[in-house]
Amino acid sequence: RDVEVLAGGFRTRDRAFEALTKQIKQFPDVNPKHDPMARSVYAWEAEAIAPSFRDERMTRDQILAFVYRMCGDFQIDPPEVIFVKNCPFCYFNRCEKQRPIIIVGERAEFLNTALVLHEVAHLLTDLASPGIDNHGPIYMREFLRLLFTYTTFTMDDLRPSLRRHRIRYYAPE
């Protein structure tokens, strides 16, 4: 059987993403110039959203079913969802020549509804403003819309914490 060599000389996706994980750990700043609201959004999520899902741990099948359900509800093509065993975080990656990818690190602290909504919000944001708004007002509009659609959160629940963290957002439709 032929062996496909991925970018960087890796033969499997897991190995390639494990190497990427090590590289990302070398960059301690999660507030790059192109994503100035990232720290605030992560702090807001930790305070206002995460406690509601602290005891939830979704399986691979549940994550996939949830992503496909949301994409069906919004009538968009689903991203490729890649599960990486030795990766402690999750992220969305826009791909120019193929479908977008959601990387799900199986060692992530929280594999729950909030995390899946966070990553799908990146997908919806990218459809609205490709490569422009990582955790900014457009992203927050999409994330809030998903929260209101798929959880019991309301704007009245979240408005005080959004103000406290100085998070800018457009009102969800």
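This section describes the salt bridges of a predicted model. Six salt bridges are present in the structure.

Two of the pairs join separate elements of the chain. The side chains of Arg-164 and Glu-47 form a salt bridge, with an N to O distance of 2.4 Å. This pair connects distant parts of the chain, as Arg-164 belongs to helix H6 (residues 155-164) and Glu-47 to helix H2 (residues 38-49), 117 residues apart. Arg-164 has a relative accessibility of 53% and is therefore classed as exposed, whereas Glu-47, at 38%, is classed as partly exposed.

A salt bridge is also formed between the side chains of Glu-106 and Arg-60, at 2.3 Å from N to O. Because Glu-106 is located in the loop between strand S3 (101-105) and helix H4 (113-128), while Arg-60 lies in helix H3 (residues 60-73), this contact ties together parts that are 46 residues apart in sequence. Glu-106 is partly exposed, its relative accessible area being 24%; Arg-60 is likewise partly exposed, with a value of 40%.

Within helix H5 (residues 137-150), a further pair is found: Glu-142 and Arg-145 are three residues apart, so about one helical turn separates them. Their side chains meet in a salt bridge with an N to O distance of 2.3 Å. Glu-142 has a relative accessibility of 4% and is therefore assigned as buried, since the cut-off for this class is under 20%. Glu-142 and Arg-145 also take part, together with Arg-141, in a network of salt bridges.

How values were computed. Residues numbered from 1 in each chain as written. Predicted model: local features only at pLDDT ≥ 70, side-chain atom pairs only at ≥ 80, totals over all residues. Heavy atoms only, no water. Salt bridge = Lys/Arg side-chain N within 4 Å of Asp/Glu carboxyl O. Helix = DSSP H or I, 4+ residues; strand = E, 2+ residues; numbered from the N terminus. Buried < 20%, exposed > 50% of the residue type's maximum accessible area, 1.4 Å probe, protein only.
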